[in-house]
Amino acid sequence: MHIHPLVTDTATLSELCARWAKADFITVDTEFMRENTFFPELCLIQVADVNEAAAIDPMAPGLDLAPLLQLMVANEDVLKVFHAGGQDLEIIYNLTGTTPHPLFDTQVAAMALGQGEQIGYSNLVDSWLGVQIDKGARFTDWGKRPLEPRQIEYAIGDVTHLAAIFPKMLQRLKKTGRGDWLDQEMERLADPANYANDPEQAWKRVRVPSRKADVLGRLKAIARWRELEARGKDLPRGRIMKDETLADLAGHAPRKQAELAKVRGLSAGWATNEIGVRLMAAIAGAEPLPDDELPPRDDRKPGLGKEGALVADLLKLLLKIRARDIDVASKLLARSEELELLAAGQRQGLAMLEGWRYDQFGRDAVDLVEGRLAFAVLDGKLKMTRSLAVEEMA
């Protein structure tokens, strides 16, 4: 594979993108810093196909990323391959307002091939290529210029190894017949809605021990205010206000700005400065959260109770057995909250009761809940078996 020098001009990038546009797939990775900013600061983009690879410097003066971004989000003929690409997709969304499509995530695919819930990149490379990655440059300052050769070499390796792994992974998926399992997951990952920072929804990321409409209304108002303050100043949310402080203010709202001086997590200056004024305005404008926005109660699972909780535990055991038998990560088959809802009697809107998940696990899960399936120990191994009681009743 030909490795290009660091790309710092638009003409070179355009030529590369014209060739990559003819590839079946490209592998993509990014390096970024986000400790001191609201939005991740993009520092490097690495791209490869089976023939050539390059690192692109988005911080280079005069470099226009448009050819690359067009390739990412407008070219439906080229598959974009990432590993644990959530943050990479977020960056591309921030730049374009949409996400790469079609895409493939090797971490998710590894789940379908029995390589655990969240296999790391270095372990993936080791397992598929027998190569141990030197992690020496992993935690360097990617925003500092000039970049050192070892940094660029490390970064390029992230996509060249992936370009070698992906065809092997695809071949195994085809051989096991599990490629179709991933279609829904990849479409979910590609949904732009996953990466939109809607200030109106920011409150859902903050935990409060209350379902009172007035408390949650203040939480929504303050979280929205913090989101806009952080975005406007390009600072991390926590630099404006910690989640714990936000939750405390929602539960115990000050009536006067002077009281902000007594709030743990805020400096005394908030009692008189402009940011304190804006915060108090947000609190004053808060309205109780409407009923249709209230989060479900913890006891939302009808009839779960102690017996239902035991049934949920049995479902979790069944999930472990089934995941072991077919050599797939259990998280790909079903999530804990789905099992609890099933144990409570819900049958609609559960992913595990649709498509391939139903065939591989959901059908047995329903049978267990409804008494048609039981556990047995055969030859020292825990197995599933049809319930004798049900068979006798039939």
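## Lining of the second largest pocket

In this predicted model, helix α7 gives the most to the lining of the second largest pocket, contributing four residues. The space in this pocket comes to about 640 Å³, and of the 27 residues that line the pocket, those closest to its centre are Glu185, Arg188, Leu189, Lys331 and Arg335. The elements that give two or more residues to this lining are α4 (106–112), α7 (183–189), α13 (330–333) and α14 (336–343).

Sorted by class, the residues lining the second largest pocket comprise 11 nonpolar, seven polar and nine charged ones.

## Crossing of helices α8 and α10

Elsewhere in the description, a pair of helices can be followed through the geometry of their axes and then through their contact residues. Helix α8 (residues 213–233) and helix α10 (residues 243–251) have axes that come within 8 Å and cross at roughly 140°. Since angles over 145 degrees would count as roughly antiparallel and those from 65 to 115 as roughly perpendicular, α8 and α10 are therefore oblique to each other. The crossing of these two helices, α8 and α10, is right-handed.

## Residues in the helix contact

On the side of α8, the contact is made by Val215, Arg218, Leu219, Ile222, Ala223 and Arg226, while α10 takes part through Asp243, Leu246, Ala247, Leu249, Ala250 and Gly251. By class, the contact of α8 with α10 has eight nonpolar residues, together with one polar and three charged residues.

Conventions
Residues numbered from 1 in each chain as written. Predicted model: local features only at pLDDT ≥ 70, side-chain atom pairs only at ≥ 80, totals over all residues. Heavy atoms only, no water. 1 Å grid on protein atoms, 1.4 Å probe; cavity = no way out; pocket = protein on both sides within 12 Å on 5 of 7 lines; lining within 4 Å. Points joined across faces, edges and corners; volume = space filled by probe spheres on them. Nonpolar A, V, L, I, M, F, W, Y, C, P; charged D, E, K, R; others polar. Axes fitted to C-alpha atoms, helices over the stretch in contact; angles between N-to-C directions. Parallel < 35°, antiparallel > 145°, perpendicular 65-115°, else oblique. Left-handed = near helix turned anticlockwise from the far one by under 90°. Contact = heavy atoms within 4.5 Å.
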